[in-house]
Amino acid sequence: MSDTPKIVEMQVIPVAGYDSMLLNIAGAHNCYFTRILLVLKDSAGHTGVGEAPATGVVLKILNDAIPHIVGQEIGIMNQLVSDLHKRDLEENRQPKPVLPGLRPWDLERHHNAVAVLETALLDLMGQFLNQPVAQLLGPGKQRDEVPVLGYLFYIADRQKTDLEYLEGKAQAGQHPWYHLRHQEAMSHEKVVQLAEAAQDKYGFKDFKLKGGVQAGEVEIETVRALKKRFPQARITVDPNASWSLEQAISLCKDMHGILSYVEDPCGAEQGFSGRETLAEFKRATGLPVATNMIANDWRQMSHALQLNAIDIPLADPHYWSMRGANTIGTLCNAWGLTLGCHSNNHFDVSLAMLAHLGAAAPGEITPFDTHWIWQEGQHLTKNPLQIKDGKLALNGLPGLGVELDMDAVGIAHQRYNTLRHKDRDDAIAMQYLIRGWAFDGKRATLVR
Ligand SMILES: O=C([O-])C(=O)C[C@H](O)[C@@H](O)C(=O)[O-]
Ligand SMILES: [Mg+2]
């Protein structure tokens with residue numbers, strides 16, 4: 001019937017890269033972060049790639065899928081993706097229903113395997129049709145450049161650990177960002193200095209501060225300092241639902257004109273779901289709310305919409321999938337919401353995924369989150385996309401427009417193989433700072 005190329009090879013390659021000691025509600029980023037590359041080769045000689053967070057569960061699901069994928073035509077890509085989805089559900093490998101107390105990224109894990117398969121197939125299909133992936137999503141390409149924000153963190157002192165963090169020694173002729181991103185930054189002044197360097201290097205117009213680390217009052221002061229330095233910027237703070245509803249309202253109610261929106265200020269408490277508390281927060285403060293914690297699948301999304309709990313769903317293609325996240329964009333456009341995008345530490349294949357997702361989103365979008373500035377320089381592809389003027393521009397190539405640098409992939413894979421802890425666990429590095437430290441989703445990391 002059809003005559004599309006056949007998949008002749010599927011490789012699942014876990015990789016690791018370097019990270020800084022970035023703080024968040026779940027502790028401190030370790031010196032390494034891990035990802036999975038899914039690489040498909042087809043009979044037309046094309047290579048399709050996707051990237052996902054690395055967990056043992058996702059690796060197993062993908063490795064088990066190899067015999068079901070190899071030999072199939074890319075023309076039945078929808079069926080291949082939905083079959084994996086069904087096997088994933090049947091084998092009951094998904095995380096159990098979300099329980100209060102789980103770390104933020106636990107809420108995002110489901111469907112990583114399905115999403116990365118879909119991405120690699122879209123990459124192949126785009127190359128077959130000689131079109132960028134953005135043209136294969138929803139309404140097709142809407143823009144060539146996608147705004148992204150400067151994602152700021154408090155940074156702990158890596159020298160208090162014996163972990164292998166890069167020191168980022170200052171070098172003549174090198175941009176100060178490459179030094180500063182490895183140094184301790186706990187004060188308002190230091191965070192503003194980071195923002196200045198990031199703005200100078202990448203041209204950001206907007207910033208997000210990762211909160212849930214210091215007392216809420218301190219984090220709000222950092223936000224004020226950022227706004228004072230960048231009066232034109234849209235600024236948001238994300239304490240990952242660690243503030244109580246009462247605290248969130250009291251911290252944010254006078255922040256109109258300073259905070260453009262707030263991300264997951266509070267979550268489930270006292271028998272109320274995070275969707276209910278965010279709806280109350282919105283009503284009490286009148287501030288727009290973004291989330292990557294309480295509307296991460298269609299059932300959660302429908303409850304969030306019925307409660308009018310959110311304005312900016314951060315639809316990450318790594319768990320919504322490229323087409324799922326694009327559908328959220330269509331919904332946002334029709335319902336007066338604004339699409340944004342969540343991120344985790346990532347390599348440059350994911351960077352291309354964000355660019356194509358943003359390029360195909362109809363209507364206005366909120367500048368996307370990306371952790372890329374913390375990793376930039378560690379490329380797994382040749383000629384990765386660049387953030388310039390606070391935007392990611394598509395490169396005009398078909399598919400995702402990426403070509404793997406197999407030498408760099410090999411090194412990152414070797415690095416992964418040497419790691420003792422392969423799945424993310426931010427408590428490990430944090431315990432160097434506070435002995436016996438344990439995650440508590442309702443207490444700021446350093447308030448112990
Ligand atoms: O918006 C978010 O919640 C995130 O970006 C989640 C990430 O895991 C972030 O907290 C981080 O990298 O520590
Ligand atoms: Mg968030």
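Start by selecting T366 and whatever surrounds it: R234, Y261, I312, T338, L339 and G340 all touch T366, leaving aside residues up to four places away in sequence (contact means heavy atoms within 4.5 Å). T366 itself is buried, with a relative accessible area of 2% (buried is under 20%, exposed over 50%, partly exposed in between, with a 1.4 Å probe and protein chains only). Colour the loop between α13 (348-359) and α14 (372-375), and you'll have the stretch where T366 sits. Helices here are DSSP runs of H or I with at least four residues, strands are runs of E with at least two, and both are numbered from the N terminus.

A quick word before moving on: this is a predicted model, where local features need pLDDT of at least 70 and side-chain atom pairs count only at pLDDT 80 or more, while totals for chains, interfaces and linings use all residues. Residues are numbered from 1 along each chain as its sequence is written, chains are lettered from A and ligands numbered from 1 in the order in which they are written, and side-chain values use heavy atoms, with hydrogens and water left out.

Next, show the open sheet of three strands, in the order β1-β4-β5 with antiparallel pairing (two strands pair if DSSP finds at least two bridges between them). Its edge strands are β1 (7-18) and β5, each pairing on one side only. Now look from L40 towards β5, where G48 is opposite. Between β1 and β4 there are 11 bridges, and between β4 (residues 32-42) and β5 there are seven.

Zoom in on the turn of the β4-β5 hairpin: four residues lie between the strands, and G45 there has a positive phi of about 90°. Then select β5 (residues 47-53), where six of the seven residues are buried.

For the last stop, pick helices α8 (residues 245-252) and α9 (residues 274-285), whose axes come within 10 Å and cross at roughly 30°. Axes are lines fitted to C-alpha atoms, for helices over the stretch in contact, and angles run from 0 to 180 degrees between N-to-C directions. The two helices are therefore roughly parallel (angles under 35 degrees count as that). Show side chains for L245, A248, I249 and C252 in α8, which meet T277, E280, F281, A284 and T285 in α9.

Methods:
Angles under 35 degrees count as roughly parallel, over 145 as roughly antiparallel, 65 to 115 as roughly perpendicular and the rest as oblique.
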